[in-house]
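Let's take a walk through a protein chain together. Keep the sequence and the 3D view side by side as you read.

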Amino acid sequence: MAIVLVAIVFAVVGIGRLFSDGDGASPQLGAGSPAPAISIDPSENDSVVSSEAPPTPKTSPGQAKPEAVAYAFASAWVDHESVSAEKWRNRLLPNSTSSLSDQLRGVDPAGVPAERVIGRPELVAVNDTMVNAIVTMDSGKLSLRLIAPEGLWLVDGIDWESA
């Protein structure tokens, strides 16, 4: 039995040497592959981190900045005690797009899960005509998407995250 095993091992080694390129050196990791090229030219940098300044939201002269619109909308949104659905929605209209206004039609303000605004809106500019605002409330965070295609900031989308 041992002789058969030794014969099999020699056969495998022999076949391996027969098909090898004859170079006895052991293979090196990455051998034959060129090293990645690294450029010092910033225009050729495709990394995720950017040295560019974040976009600055554009506001038309005389119009409210996105932070003020987000705060006004959030304040009207939580002011839902003892008010009809129509009156509550009408308070939101000056700071919302017609699309959002249509989505809020028929919403019962009693379902608003917050009672008061706690903090100022934190803004993250997506580009110069879109901003995401997060407003801290007493029971969670209200996320608002604001758009200003012509420099007039309006809330176009809302989302709620409970604390």
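This is a predicted model: local features need pLDDT of at least 70, side-chain atom pairs count only at pLDDT 80 or more; totals for chains, interfaces and linings use all residues.

Start by tracing the protein chain from its N terminus: the elements follow the order α-α-α-α-β-β-β-β, giving 4 helices and 4 strands. How do the contacts link up the chain?

Now look inside. Of the 163 residues in the protein chain, 25% are buried. In soluble globular proteins, nonpolar side chains tend to be buried together. Here, the largest nonpolar core has 25 residues, and those touching the most other members are W77, M137, L144 and L146. Two or more residues of this core come from each of α2 (66-78), α3 (85-92), α4 (98-104), β2 (130-137) and β3 (140-147). Helix α2 gives the largest share, with 7 residues.

Which residues does L144 touch, leaving aside those up to four places away in sequence? They are A70, F73, V131, N132, A133, V135, V155, G157 and I158.

Finally, turn to the outside. The protein chain exposes about 11,500 Å², and 58% of that is supplied by carbon and sulfur atoms. One place to look is a nonpolar surface patch of about 560 Å², made by M1, V4, L5, I8 and V12. Is V12 buried or exposed? This residue of helix α1 (residues 2-19) counts as exposed because its relative accessibility is 56%, and the cut-off for exposed is over 50%.

Definitions and conventions. Residues are numbered from 1 along each chain as its sequence is written. Side-chain values use heavy atoms; hydrogens and water are left out. Patches are made of residues with over 30% relative accessible area and no salt bridge: like charges are joined within 9 Å, nonpolar side chains (Val, Leu, Ile, Met, Phe, Trp, Tyr) within 5 Å. Accessible areas come from the Shrake-Rupley method with a 1.4 Å probe; for residues, only the protein chains shown count as cover. A salt bridge is a side-chain nitrogen of Lys or Arg within 4 Å of a carboxyl oxygen of Asp or Glu. Buried means under 20% relative accessible area, exposed over 50%, partly exposed in between (1.4 Å probe, protein chains only). A nonpolar core is a set of buried Ala, Val, Leu, Ile, Met, Phe, Trp, Tyr and Cys residues joined through side-chain atoms within 4.5 Å. Contact means heavy atoms within 4.5 Å.
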